[in-house]
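Hi everyone, thanks for making time today.

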Amino acid sequence: MTVTIIHPNRRILLLGAAAAGVVGLLPRHLASASAQTGAHAPTETMRGGANNYIPNAPLVENLGTGFVASGLVRKAGSGEPLRNLRIQIWAATDRGGEREPSNRGSVMTDANGRYRFDISPIVPQFGQPHIHIAYDDPGFATLFLRPVLNSRHDKSMAVDFVLAPPAGNAGKSS
């Protein structure tokens, strides 16, 4: 049995500390799951994420223009991109609140596990400009996300997430 012992020098320690600090400063929804845990751990459902969720929102080509929500969906553990999954989004826009039917829809992930929604510009509701993103089909555990924009003037947001097997599927709390 061979054991390799690494003797870090001062430069390696400083670079490691700086890298850890940068990852720690990123908002949780922007840091990848692997950066947060060192593996493809399942993304946790966010509090308030299920607000105004409606099962089986229709598949849409877009919900307006002016803002783009996109991301990559992966499988817990392997990190394999998940294709052909139904992802739902809803948000308050200049056309109305989160309950406005034209502010809600679903799209399918593509062959590379990516999704994209074009939607009208997001406006604050309950004080914060935010969107809701959900996965609620039987293949994986239910997931509700409520990422907050930095500003109502933002034009896009990328939200990657990792889905877990459906054991218990207890993520429907808001």
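This is a predicted model: local features need pLDDT of at least 70, side-chain atom pairs count only at pLDDT 80 or more; totals for chains, interfaces and linings use all residues.

Let's begin with a pair of strands. β2 and strand β5, residues 131-135, run antiparallel to each other and are joined over four bridges.

In what order do the four strands of the open sheet come? The order is β3-β2-β5-β6, and the pairing is antiparallel. As a reminder for anyone new to sheets, strands pair through backbone hydrogen bonds, and they can do so in a parallel or an antiparallel way. Here, β3 and β6 stand at the edges with a single partner strand each, so one side of each has no neighbour in the sheet. From one strand to the next, the twist averages 20 degrees.

Next, the aromatic rings. How many aromatic pairs does a search of the whole structure find? It finds five. One of them is Y53 with W90, a tilted pair with 5.7 Å centre to centre and 50 degrees between the planes. These two come from distant parts of the chain: Y53 is in the loop between α2 (33-37) and β1 (67-75), while W90 is in strand β2, residues 86-91, and they are 37 residues apart. Are Y53 and W90 buried or exposed? Both are buried.

Y53 has another partner, F144, and this pair is edge-to-face, at 4.9 Å centre to centre with 75 degrees between the planes. F144 sits in strand β6, residues 143-145, and Y53 in the loop between α2 and β1, so the pair ties together parts that are 91 residues apart in sequence. Like Y53, F144 is buried. Put together, Y53, W90 and F144 make up one aromatic cluster.

My last stop is T93. Where do we find T93? Its place is in the loop between β2 and β3, with β3 covering 104-108. Why do we call T93 buried? Because its relative accessible area is 3%, and the cut-off for buried is under 20%. What does T93 touch, once we leave aside its neighbours within four places in sequence? T93 is in contact with N103, and also with I119, S120, P121, I122 and V123.

That's my tour, and I'm happy to go back to any part of it with you.

Methods. Residues are numbered from 1 along each chain as its sequence is written. Side-chain values use heavy atoms; hydrogens and water are left out. Rings of Phe, Tyr and Trp (its six-membered ring) pair if their centres lie within 6.5 Å; planes under 30 degrees apart count as stacked, over 60 as edge-to-face and the rest as tilted. Buried means under 20% relative accessible area, exposed over 50%, partly exposed in between (1.4 Å probe, protein chains only). Contact means heavy atoms within 4.5 Å. Two strands pair if DSSP finds at least two bridges between them. Axes are lines fitted to C-alpha atoms, for helices over the stretch in contact, and angles run from 0 to 180 degrees between N-to-C directions.
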